[in-house]
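Please keep the model open as you read.

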Amino acid sequence: MSEVSFHTFRAGAALAIANPHLQSAVDGATLKFRNDRRRALADLPDVEAMRDHFKAMRAATLANLGEHLEQFERQASAAGAHVHWARDAAEATQIVINIARQHGARLAVKAKSMTSEEIHLNAALDEAGIAPVETDLGEWIVQLAAESPAHIVVPALHKTRQQVAELFTREVGRPLSADDIPALTEEARRALRQKFLAAEIGISGANLGVAETGSIVLVTNEGNGRMVSSVPPVHVAIMGIEKVCPTWDDAAVWLELLARSSTGQPLSVYTTAITGPARESDADGPRVLHIVLYDGGRGGILGTGYEEVLQCIRCGACLNHCPVYQEIAGQTYGHAYSGPIGAVLVPLLHGLEQYEALPHASSLCGACLEVCPARIDLPRMLLDLRAEEVTRGIIGPPEQAVEKSAAWLLGQRRLFGLLTDAGRIFQRPLVGKDGLRVPRRLNPAQERRLPTLAPRSFHALWDELAAEAETAPAATPPRKAARKSSRGRMAALIGASALPLAVLWHLLRRRGRKER
Amino acid sequence: MTSAKRVAIMVTCMVDQVMPEVGVAAVRLLRRAGYTVEFPAEQTCCGQPFFNSGFRAQAADLAKRSLDIFEPYDAVVLPGGSCAAMIRKEYPHLLERWPGGVARAEALAARTYELSEFLVHVAGWQPAPAAGAPRVTYHDSCHMNRLLGLGAESRALLSAAGCAIVEMHESDRCCGFGGVFSIRIPEVSNAMTQEKVRRADATGAEVLVSADPGCLMQMRGFAHQTGMRLAHLAVLLEELTR
Ligand code: SF4
């Protein structure tokens, strides 16, 4: 049973495409991000060189990840933080729950953290009797709606203002107008402020961790990250092991590319560096800081052909530029990581069998590679994952048979010519002036007109075209010339053998709709 | 090149079967540019559909076949950016495990050209301005644009032939085809194509031009919703330079 099969993915996509609110919200937001990113990068003197440098730095860090992580642990511990290592989601959530229990926590405020989404921390906290409250506005909206994030940077990007007003109205029990944005934010601020003050523990992610000083860096635009990490007496930060950065010089490049690629800002509004818990002399701040270094399958990607994917800094540029993502938004991907990065990363972290459709959720247009600050070659990895699905038999026998017979047939020029000529004859009753007519189940989008085989192939036209070279260039294409009838009869005879292929083709089309 | 004025055309399987007029136009343009065009009749498919759906062994077999067929020629020209990109960018590593494969693939890649690229950079051909040339908008197909870095060539040829080019919003946005993608996830593919065609139509251009048969076939599925004509670059240029 696949989490995201072709069936579930297509069904989810169809819903998203048919949802006008989602369409207008996603179109507007992603377009704004694309424009802002372009402008923000144009301000840099040599952004291409900077990206090359950044990629090299990320690759070098991953090549020696163990060393950098150990240095990070040493420095963070020296600064007074408690460092934990979690192999999988169960370990990570248990560590957080134990810390919360130790401090008698009933309420946890959270800053946006994709890693905590990845380990389903909220559900685990709920079960342990600790109420998690998201304090990033977008995450909070998604939490109120009981949904999962639709974007790795902007979780509620798929919601319109009206939908947000409805959710807030329900939460505060008073009607709120969608047109009064200041009132909406004020309402959110009031509700969240109380939570900040009441919470015994603050939980955040970490955009990166700087090994030379053992610091973690949080990037937010609402300041909620700063509140989460400074108001409650205990702060727990969960960081994927790939987010370690050797030096502050490296971090400067990282932060600049992150903000510009992500939201088109020169720097995010709040960039918070945290080195250890509050000192004795500090007036406020958490007295206890825990850092959970989370593997969750990342270690297993190291040293494979997919290692490059760990260079990702979750800027979201690949989502904003992906034409597939723009049509369907994030929830269709069935995981907190969506878009091109999700399509590669999720099957690697959780199993290709579980997420068989994701490597196919791309037209391989290459927009993601073009904009990725680390130039991660996501299209190459999508292709590699597809090839793995074939060799590991995740793509089933019917499709394998279709593809293999088609490829074999294309290696037999004469037979291919005869079969396609037969197709020209057999398609005739099905060809209307609006293209090939097939039953609705074979062309669910009836507004799409299907292509037909041309009356004559280029191969059949070549002799006349070759003769044309000797005379003056003809003004009309030689396509109206008479069909060679012997060839037509021959083709009709052979045509019957096209039937098995047609049946297999039909199976391939049906597979996507089958409940699995 | 030993005899610079002789080229082989690889029409691609889609042009062969679905839109042969593109191949016809490409051949005529190459002749007008002063070349003798050969058509190696054994050709079928470059293997890209199989490469893109993960069937690497099958793609490699078709790649080897294409190597055998096209190696004897000094230059190979394709009226399709995506297939040209397949030969240029994918063959060398696809044939990595085949003894001698990389060297042979790289040698062929170095002699393989997309049509507009060949006309502009190798032939140095320029169409004369035609009276009554239409207002056009040009779709930058993904592999041609991002893998081969081509697009300015098509526009230069269209302008020289007298066309006014009206750019659409994000001309480099994918048309939604993606080969096997359009079969596996048709809902999304179709939605992408409709968006693309809408944006092209919004320019008010008379003709939506693409240099890629795949994109053209996909967009034609929805073009009836507009009044635009959809034409391959070669077909339009051929008409304008008669
Ligand atoms: S893959 Fe690249 S573009 Fe996508 S989120 Fe990661 S860093 Fe950003």
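## A helix and its cover

The buried residues of helix α5 of chain A are A:A92, A:T93, A:I95, A:V96, A:I97, A:I99 and A:A100; buried means under 20% relative accessible area, exposed over 50% and partly exposed in between, with a 1.4 Å probe and protein chains only. This is a predicted model, in which local features need pLDDT of at least 70, side-chain atom pairs count only at pLDDT 80 or more, and totals for chains, interfaces and linings use all residues. Residues are numbered from 1 along each chain as its sequence is written, chains are lettered from A and ligands numbered from 1 in the order in which they are written, and side-chain values use heavy atoms, with hydrogens and water left out.

Helices (H or I, at least four residues) and strands (E, at least two) are DSSP runs, numbered from the N terminus. The cover over the buried residues of α5(A) includes β1 (82–86), α7 (121–127), β4 (201–204), β7 (234–240) and β10 (288–294) of chain A. Just after α5(A), A:G104 has a positive phi of about 60°.

## The chain as a whole

Chain A holds 23 helices and 12 strands, and 54% of its 516 residues count as buried. Among its contacts (heavy atoms within 4.5 Å) between residues at least 6 apart in sequence, 75% join residues at least 24 apart.

The largest nonpolar core has 194 residues, and A:F9, A:F72, A:V309, A:I341, A:L378, B:L30 and B:L236 touch the most other members. Such a core is a set of buried Ala, Val, Leu, Ile, Met, Phe, Trp, Tyr and Cys residues joined through side-chain atoms within 4.5 Å. Leaving aside neighbours within four places in sequence, A:I341 is in contact with A:I152, A:V309, A:C312, A:C318, A:L319, A:V346 and A:L378.

## Around the ligand

Which residues are the closest to the ligand? They are A:C312, A:C315, A:G316, A:C318 and A:C372, among the 13 residues that surround the ligand, each with a heavy atom within 4 Å of it. The shell divides into 11 nonpolar residues, one polar and one charged. Here Ala, Val, Leu, Ile, Met, Phe, Trp, Tyr, Cys and Pro count as nonpolar, Asp, Glu, Lys and Arg as charged, and the others, Gly among them, as polar.

## Two loop residues

A:R314 sits in the loop between α13 (298–301) and α14 (317–321) of chain A, and A:L364 in the loop between α16 (339–350) and α17 (367–371). Phi is positive in both non-glycine residues, near 55° for A:R314 and near 60° for A:L364. Most residues other than glycine have a negative phi. A:R314 counts as buried because its relative accessible area is 11%, and A:L364 because its value is 6%.

## Where the chains meet

The contact takes 68 residues from chain A and 61 residues from chain B. About 5,700 Å² is buried between the chains, 60% of it from carbon and sulfur atoms; buried area is the accessible area (1.4 Å probe) that two parts lose on being put together, summed over both. A:E403, A:R448 and A:F458 supply 12% of the area that chain A buries against chain B, more than any other three residues.

A:S457 lies in the loop between β12 (435–436) and α21 (458–468) of chain A. Leaving aside neighbours within four places in sequence, A:S457 is in contact with A:R424, B:D16, B:Q17 and B:P20.
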